[in-house]
Amino acid sequence: MRIGVAGAGAVGSYFGGMLHNAGHDVTFLARGYHLAAMKTEGLLIAGEHGQFRVPGTFTDRLSDLAKSDLVLLCVKSNDTEEVAKQLRNILKNSALIMTMQNGVENEEILEDVFDKERLLSAATYIQASVEAPGRIRQQGRVKLVIGELDSSATDDCAVIMEKFNQAGIDTVQSRHILERKWQKLLWNATFNPLSAAAVARVGQILDDKQLNKTASAICSEVINVAIHKGISFDPEPTQARIFSNAEKARNHQTSMLQDRLRGKRMEVEAMCGYIVRQANLLDVSTPALQSIYSVLSFIDQANKSHMKMK
Ligand SMILES: NC(=O)C1=CN([C@@H]2O[C@H](COP(=O)(O)OP(=O)(O)OC[C@H]3O[C@@H](n4cnc5c(N)ncnc54)[C@H](OP(=O)(O)O)[C@@H]3O)[C@@H](O)[C@H]2O)C=CC1
Ligand SMILES: CC(C)(CO)C(=O)C(=O)O
């Protein structure tokens with residue numbers, strides 16, 4: 001299968017690397033120092049069970065993805081619309097696009113650009129980071145739940161699931177992928193923004209009495225928004241599950257914290273703004289999330305002005 005990775009950072013490089021190892025023809029779209037390192041040395045993926053190097057096709061020309069049968073959309077959510085529109089101009093009509101991003105708004109953005117039957121979404125369970133240019137660090141368990149956005153679409157998803165499993169990526173299919181994505185968003189909205197605002201690892205949020213209290217408040221607000229959106233959750237066990245899952249990621253720097261530490265733009269809209277806007281539409285109160293949203297939006301704006309002045 002010809003696979004294009006649109007945004008070969010932490011997530012895209014890992015999954016693209018695994019699929020390349022399994023014999024697929026993978027093209028990695030990246031830029032900057034990371035791309036330069038991959039072009040000269042190949043891509044190095046380091047995990048708990050050792051490391052492997054991936055020689056491959058690394059490019060900063062989006063048009064090099066034109067022949068893809070499947071594109072893994074792995075840019076940060078802030079770049080979704082721009083990259084999706086560029087992809088629409090070059091991809092063949094039969095190409096499938098799978099978002100592996102966090103949040104649930106990317107699916108809405110993609111539906112405005114592509115026919116729904118070409119779209120898949122993945123709830124991506126991985127802890128990965130670009131440790132150094134050309135080098136990805138992955139820790140903990142990796143799992144994907146994938147599904148078609150159009151539930152009446154032909155079963156491309158089953159074929160992709162099989163190929164991913166053959167490549168050693170634990171993948172299951174869901175007929176209710178948006179519900180799964182909301183479940184994941186509950187976790188991310190609880191921990192990612194707070195971790196970025198406080199510059200704290202997940203374990204530090206769990207251990208600090210005040211941060212833990214704020215995380216619990218955000219979590220119950222987001223569950224409430226999801227319920228008002230028609231996603232069925234039992235609030236108490238859901239919140240308990242989110243916090244017990246966090247125990248397994250104690251040492252993790254969330255992807256949003258990684259961005260803050262690197263002075264990169266954070267996924268503030270995907271993780272906070274979208275939920276706050278939905279809450280306003282549904283007349284649901286989200287004071288804790290709104291507060292973190294205002295802090296992170298301010299930091300992102302300040303970083304942007306600082307970058308412009310440089
Ligand atoms: N990291 C993790 O553990 C997890 C992340 N996720 C989600 O997955 C998504 C991707 O996250 P992650 O992999 O961490 O992000 P990264 O920032 O590591 O990767 C995105 C990559 O895409 C590149 N990129 C963006 N636009 C272009 C372009 N036009 N041309 C070439 N390259 C481009 C970026 O370059 P540049 O750096 O120069 O902007 C970056 O290298 C996010 O939605 C995140 O929330 C989900 C689960 C876990
Ligand atoms: C916490 C984690 C790693 C869960 O997969 C994640 O989604 C993120 O850091 O954004």
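Before I turn to the helices, a word on terms: axes here are lines fitted to C-alpha atoms, for helices over the stretch in contact, and angles run from 0 to 180 degrees between N-to-C directions. Helices (H or I, at least four residues) and strands (E, at least two) are DSSP runs, numbered from the N terminus.

What you have above is a predicted model, in which local features need pLDDT of at least 70 and side-chain atom pairs count only at pLDDT 80 or more, while totals for chains, interfaces and linings use all residues. Residues are numbered from 1 along each chain as its sequence is written, and chains are lettered from A and ligands numbered from 1 in the order in which they are written.

Let me begin with helix H3, residues 80-90, and helix H4, residues 105-113, whose axes come within 10 Å and cross at roughly 30°. That angle makes H3 roughly parallel to H4, since angles under 35 degrees count as roughly parallel, over 145 as roughly antiparallel, 65 to 115 as roughly perpendicular and the rest as oblique. The crossing of H3 and H4 is right-handed; a crossing is called left-handed if the near helix is turned anticlockwise from the far one by less than a right angle, and right-handed if clockwise.

The second pair is H8, residues 209-228, and H11, residues 268-282, which pack at about 55° with their axes 10 Å apart. H8 and H11 are therefore oblique to each other, and H8 passes H11 in a left-handed crossing.

Now to the ligands, where a residue is near a molecule if its C-beta atom, placed from the backbone, lies within 6 Å of it. Ligand 1 is surrounded by 28 residues, the closest being Gly7, Gly9, Val11, Gln101 and Asn102. Helix H1 (10-21), helix H2 (32-41) and S8 are the elements that give two or more residues to that shell, and S8 provides the largest share, 6 residues.

Around ligand 2 we find ten names to look for, among them Asn102, Tyr125, Asn188 and His252. Strand S8 (119-132) and helix H6 (177-198) each supply at least two residues of this shell, with S8 giving the most, 3 residues. By class, the shell around ligand 2 has 3 nonpolar, 7 polar and no charged residues, where Ala, Val, Leu, Ile, Met, Phe, Trp, Tyr, Cys and Pro count as nonpolar, Asp, Glu, Lys and Arg as charged, and the others, Gly among them, as polar. Domain 1 (2-175) and domain 2 (179-309) each contribute at least three residues to the shell around ligand 2, the domain bounds coming from an automatic or database domain assignment.
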